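Have a look at the structure first, then we'll go through it topic by topic.

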Amino acid sequence: MLEVQNLSMRFGGLLAVDQVSLDVQEHEIVSIIGPNGAGKTTVFNCLSGFYRPTGGKILFEDKEIQGKPDYRISRLGLVRTFQHVRLFNQMTVVENLLVAQHRHLNTNLIAGLLKTPDYRDRERKSLDRAAYWLDRVGLLDLANREAGNLAYGQQRRLEIARCMVTEPKLLMLDEPAAGLNPAETRDLNQLIISLKEDYNVSVVLIEHDMSLVMDISDRINVISQGRPLASGTPEEVRQNEDVIKAYLGEA
Amino acid sequence: MVAQNFGHALFCAMITLIISFPILGFNLEAQGINVTLTGAKTTTIIGVVLASIIVFGFQLFRDAIMGALGTLPRFNPLAGREPMEPSRRVKLESRIITVLVVLFLFWPFMVSRGSVDLATLVLIYIMLALGLNVVVGLAGLLDLGYEAFYAVGAYTFALLSRYFDISFWLALPIGALLAALFGLVLGFPVLRLRGDYLAIVTLGFGEIIRILLNNWTNVTGGPNGIGGIPDPTLFGMEFGRRVKEEGNTSFHETFGIAYSGEHKVIFLYLIALVLAVITAMVIRRLMRMPVGRAWEALREDEIAARSLGLSRTAVKLSAFTIGAFFAGFAGTVFASKQGFISPESFVFLESAIILAIVVLGGMGSQLGVILAAIAVTILPELAREFSEYRMLIFGAAMVLMMVWRPQGLLPMRRIHIKLNRLE
């Protein structure tokens, strides 16, 4: 469903991403790994429309999306999280989820001012959906807390829930396990697999935690210094000489 | 510690002397056509010296004095109490607003004509401040050219009535919509800017409108302004002594009461009151609607909001347009109240005062903004006796406010939407 062909991103004299290609099929978890500064997040920023790539094509469901504004891409069903959690800290947990459903709500001003039945109906439905997802990630008890007051692991889960209420087709997670303890990482593991199995969402994952990556990925792409280094199943990547060199350094 | 402060204290005392002596110590006196310089009275000079000694003493024992002041809150019964529960606070706020509205409703029948006129002005400022509160407080866009939309509203009514004989009631929505249109058109190119840059561009826009009104002499009358703006009518009843327009009747004849100039003032006041209440209610509702949440989301974290499918331009434009709409409302009422408008009424100071109201009241807080609008408009009137020092007092009040309560009179507490079914 997602196909990236020869993606390049140049910042002045720096070629941050050089001819990276990858693809994601439906019902699949694909990981992008690589040493720090390899350009993984830059790839994400290109995919989600935060950067306009300087070369290459990005096809989402056979439509070219490179250079489209970020909010359009998100509305197509390609939603991301961030390496550093970005919640609306002063809003409550449930309000965070309501903001994410902005485009599902009746945003007609007149309808809202008059509280038409249609408006109430949608408002109630979006609250229901928020409640469902909060239950799903185990935050239902904290629904009326301010998001900024949650513990870090809870904020991570809230960010994923916030993506899921937008009903995405492809979810892009940027280091979702960063800062989590081993137990939390295992929970996250379960959650991501269940997103794929139960909700039929494909996942692209950037991660440093190798146990997570190896456990849940269907395929792995390795990037080093902006260039694609290897790709394949976890087993293949684990035994790839280039990858070992890139991670351990050449002797 | 005292020894360390000695040099600093001496320096402060010197500064006090140097600044206050030339200002207070010399007088210019006119003698015929010449101006002569005379020294001040001994008491003034003693006062200046005393002041610098006090400054010296304060700076010398500064730490001790500030330390003693720090223990003062013990005597303040309000210090250290628990913050009020949000639900109670909301109830209290709506009660205060109700009381305010009722008070406002009976106000004109209790006081003099001048006070009613002033109260109308207060209501106009409340409308303006509530509108700007959407742009600055909720959406977080610093708009320094807000008076431009106010001017558009006022001039729309003035020009329409002059050239097309359009009445107040028709001009009210047209003025507001036209102001909103200006907000939309001008918001479009500038909204990709943020913070300081946006402030500068909006400042420029405010000036453009004012200078345009000043120089487009054959349409707007330039600096001479436009006069003879009609008063609003009540179902075709005029408030003047004689009926100006054919087909209208006059208010005092219809009801068989003696003519009084106050009827008109009170009527205008009531119109302003109704419009201010409508403004407050609509904005209160908008704050709880998806669009209100989108404003706040974009203010809090623009990148996250965009990643969730919120269009930056659409959300910011809606805030800008709605803010401008209410400024247009206020402008129409203002034109009708004054009966005469000129570009002089729409200078930058006007924007600055409205912004000051929003900041003093507490950004995003409706009740705070309303109270601040009342205070900022009425206090200068009360302080008329010290008219020379009026701006000085205003400035000092602002500085003190920012030192003691930088978050404003009543800082915004968000009205949270709650998830109730926790089964």
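At what angle do the axes of helix H5 (residues 113–138) of chain B and helix H15 (residues 348–361) of chain B cross? Roughly 70°, with the axes coming within 9 Å, and that makes H5(B) roughly perpendicular to H15(B). Keep in mind that this is a predicted model.
- Of the 423 residues in chain B, 38% count as buried.
- For contacts in chain B with a separation of 6 or more, 76% are between residues 24 or more positions apart.

**H5(B) against H15(B)**
- On the H5(B) side, the contact is made by B:Tyr125, B:Leu128, B:Ala129, B:Leu132, B:Asn133, B:Val136 and B:Gly137.
- Facing them in H15(B) are B:Ile354, B:Leu355, B:Ile357 and B:Val358.
- Sorted by class, the contact of H5(B) with H15(B) comes to 9 nonpolar, 2 polar and no charged residues.

**H5(B) against H16(B)**
- H5(B) also packs on H16(B): their axes cross at roughly 140° and come within 9 Å, which makes H5(B) oblique to H16(B).
- The crossing of these two helices, H5(B) and H16(B), is right-handed.
- H5(B) brings B:Leu118, B:Leu121, B:Val122, B:Tyr125, B:Ile126, B:Ala129, B:Leu130 and B:Asn133 to the contact.
- H16(B) answers with B:Gln366, B:Val369, B:Ile370, B:Ala373, B:Ile374, B:Thr377, B:Ile378 and B:Glu381.

**H16(B) on its own**
- Helix H16 (residues 366–382) of chain B has 17 residues and spans 24 Å from its first C-alpha to its last, close to the 24 Å expected at 1.5 Å a residue.
- Its buried residues are B:Gln366, B:Leu367, B:Gly368, B:Val369, B:Ile370, B:Leu371, B:Ala372, B:Ala373, B:Val376 and B:Thr377.

- B:Ala119 is in helix H5 of chain B.
- Why does B:Ala119 count as buried? Because B:Ala119 has 22 C-beta neighbours inside 10 Å, and the cut-off for a buried residue is 20 or more.
- Leaving out residues up to four places away in sequence, B:Ala119 touches B:Trp107 and B:Tyr269.
- B:Ala119 and B:Thr377 are 258 residues apart in sequence, yet their C-alpha atoms are 8.9 Å apart in space.

**H6(B) against H7(B)**
- Helix H6 (residues 147–164) of chain B and helix H7 (residues 168–190) of chain B pack at about 135°, with their axes 8 Å apart.
- H6(B) and H7(B) are therefore oblique to each other, and H6(B) passes H7(B) in a right-handed crossing.
- From H6(B), the contact takes in B:Phe149, B:Val152, B:Gly153, B:Thr156, B:Phe157, B:Leu160 and B:Ser161.
- From H7(B) come B:Ala171, B:Ile174, B:Gly175, B:Ala176, B:Leu178, B:Ala179, B:Phe182 and B:Gly183.
- The contact of H6(B) with H7(B) holds 10 nonpolar, 5 polar and no charged residues.

**H12(B), a covered helix**
- Helix H12 (residues 290–300) of chain B is mostly covered, with 11 of its 11 residues buried.
- The buried residues of H12(B) include B:Arg293, B:Glu296, B:Arg299 and B:Glu300, as well as B:Trp295.
- What do the buried residues of H12(B) pack against? In chain A it's H3 and H4, and in chain B it's H5, helix H11 (262–288), helix H13 (302–307) and helix H14 (312–338).

**Where chain A meets chain B**
- The contact involves 33 residues of chain A and 26 residues of chain B.
- In chain A, helix H2 (70–76), strand S6 (78–80), helix H3 (93–100), helix H4 (109–114) and helix H5 (117–136) each supply at least two residues of the side that touches chain B.
- H3(A) gives the most to that side, with 5 residues.
- By class, the side of chain A that touches chain B has 16 nonpolar, 10 polar and 7 charged residues.

**A strand residue: B:Glu238**
- B:Glu238 lies in strand S3 (residues 237–238) of chain B.
- B:Glu238 is buried, with 22 other C-beta atoms within 10 Å.
- The C-alpha atoms of B:Glu238 and B:Thr254 are separated by 9.9 Å, and the two residues are 16 residues apart along the chain.

Note on methods
Residues numbered from 1 in each chain as written. Chains lettered and ligands numbered in written order. Predicted model: local features only at pLDDT ≥ 70, side-chain atom pairs only at ≥ 80, totals over all residues. Axes fitted to C-alpha atoms, helices over the stretch in contact; angles between N-to-C directions. Helix = DSSP H or I, 4+ residues; strand = E, 2+ residues; numbered from the N terminus. Parallel < 35°, antiparallel > 145°, perpendicular 65-115°, else oblique. Contact = placed C-beta atoms within 7 Å. Nonpolar A, V, L, I, M, F, W, Y, C, P; charged D, E, K, R; others polar. Expected span 1.5 Å × (residues − 1). Buried ≥ 20, exposed ≤ 12 C-beta atoms within 10 Å, placed from the backbone. Left-handed = near helix turned anticlockwise from the far one by under 90°.
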